[in-house]
Amino acid sequence: MFDFKVSRNPFGQLVLAAPDGKVHANVVPVRAFPIAAPQEGIALLSADGHELMWIARLTDLPEDARALVEEELASREFVPEIRRLRHVSSFATPTTWEVETDRGDTSFVLKGEDDIRRLGASSLLIADSHGIQFLIRDLDALDKTSRKLLDRFL
């Protein structure tokens, strides 16, 4: 029996009501062993990265809590890789980007330049207006047009 609750707030963030009565918003589930044991060892982390709760097995959670945690994990683990920027609607944000990814063509809205985050020297993570993350693995591998469009936002 679990003495905590997991829910979503109006901003779409995962919220943990801990056994001590504290409520933590923007909780992030992280798998300890995503490849070897994806259904075991799930940590619920605070927004600043501290572990709030440990879940030994996802199947131990009540159905509604498990569905929320699995949904959040799927969202975090769904990261299409941008291979080419086809079109950018404007160079002032918010702007709509039409891109080619490893999962097909798509478009998304970039709310601001702050949603583009560097991951090392040549990789970027771009969050769209719905929180979906897009990866650019290697800036140098992009074609000249894509690089030129992207440089306007960096």
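Predicted model: local features only at pLDDT ≥ 70, side-chain atom pairs only at ≥ 80, totals over all residues.
Let's start with one residue. Glu-70 is partly exposed, at a relative accessible area of 34%.

Where does Glu-70 sit? It belongs to helix H1. What does Glu-70 touch, leaving out residues up to four places away in sequence? The contacts are Gln-39 and Leu-58. Ser-46 is 24 residues from Glu-70 along the chain, and their C-alpha atoms are 17 Å apart.

Now take Glu-72, also placed in helix H1. Buried or exposed? Glu-72 counts as buried, with 16% relative accessibility. The reason is the cut-off: buried means under 20%. Setting aside neighbours within four places in sequence, Glu-72 contacts Arg-8, Leu-14 and Pro-29.

Let's step back to the whole chain. The protein chain has 154 residues, and 36% of them count as buried. Its secondary structure is two helices and 12 strands. Along the sequence the pattern reads β-β-β-β-β-β-α-β-β-β-β-β-β-α. The C-alpha atoms fill a box of roughly 55 × 35 × 25 Å along the principal axes. Take the contacts with a separation of 6 or more: 32% of them come from residues 24 or more positions apart.

Next, the domains. The assignment gives domain 1 at 5-75 and domain 2 at 82-151. How far apart are the centres of domain 1 and domain 2? Taken over C-alpha atoms, 28 Å separate them.

UniProt, in an unreviewed entry, places the feature "domain: DUF1854" at residues 24-153. In the model, residues 24-153 are 18% helix and 38% strand. The end C-alpha atoms of that span lie 33 Å apart.

An open sheet of three strands runs in the order S4-S5-S6, and the pairing is antiparallel. Which strands stand at the edges? They are strand S4 (28-31) and strand S6 (51-57). Each has a single partner strand, so one side of each has no neighbour in the sheet. From one strand to the next, the twist averages 25°. S4 pairs with strand S5 (residues 40-45) over four bridges, in the antiparallel sense. Within that pair, Val-30 stands opposite Ala-43 in S5. Helix H1 (residues 63-77) packs on this sheet and touches S4 and S5. The direction of helix H1 makes about 75° with that of S4.

On to a second sheet. Three strands form an open sheet in the order S10-S11-S12, again with antiparallel pairing. Strand S10 (116-118) and strand S12 (133-136) are the edge strands, each pairing on one side only. Neighbouring strands here are turned by 25° against each other on average, ignoring direction. Strand S11 (residues 124-127) pairs with S12 over four bridges. Leu-124 stands opposite Ile-136 in S12.

One more pairing. S7 and S8 are antiparallel partners over five bridges. A hairpin of six residues joins S7 to S8. The bridge partner of Ile-82 in S8 is Thr-101.

That brings us to the cores. In soluble globular proteins, nonpolar side chains tend to be buried together. How many residues are in the largest nonpolar core? It has 17. The members touching the most others are Ile-82, Leu-85, Trp-97, Ile-126, Ile-136 and Leu-150. Six elements are behind it, each giving two or more residues: strand S7 (82-88), strand S8 (95-101), strand S9 (104-110), S11, S12 and helix H2 (144-151). S7 gives the largest share, three residues. A separate core has 15 residues, among them Ile-42, Leu-44, Ile-55 and Val-69.

Last stop, Ile-82. Leaving out residues up to four places away in sequence, Ile-82 touches Val-99, Glu-100, Thr-101, Phe-108, Ile-126, Phe-134, Leu-135, Ile-136 and Leu-142. Thr-101 in that list is also the bridge partner of Ile-82.

Technical notes
Residues numbered from 1 in each chain as written. Heavy atoms only, no water. Pairing = 2+ DSSP bridges. Axes fitted to C-alpha atoms, helices over the stretch in contact; angles between N-to-C directions. Domains from an automatic or database assignment. Core = buried A, V, L, I, M, F, W, Y, C linked by side-chain atoms within 4.5 Å. Buried < 20%, exposed > 50% of the residue type's maximum accessible area, 1.4 Å probe, protein only. Contact = heavy atoms within 4.5 Å. UniProt positions renumbered as here; feature names shortened; annotations may be inferred.
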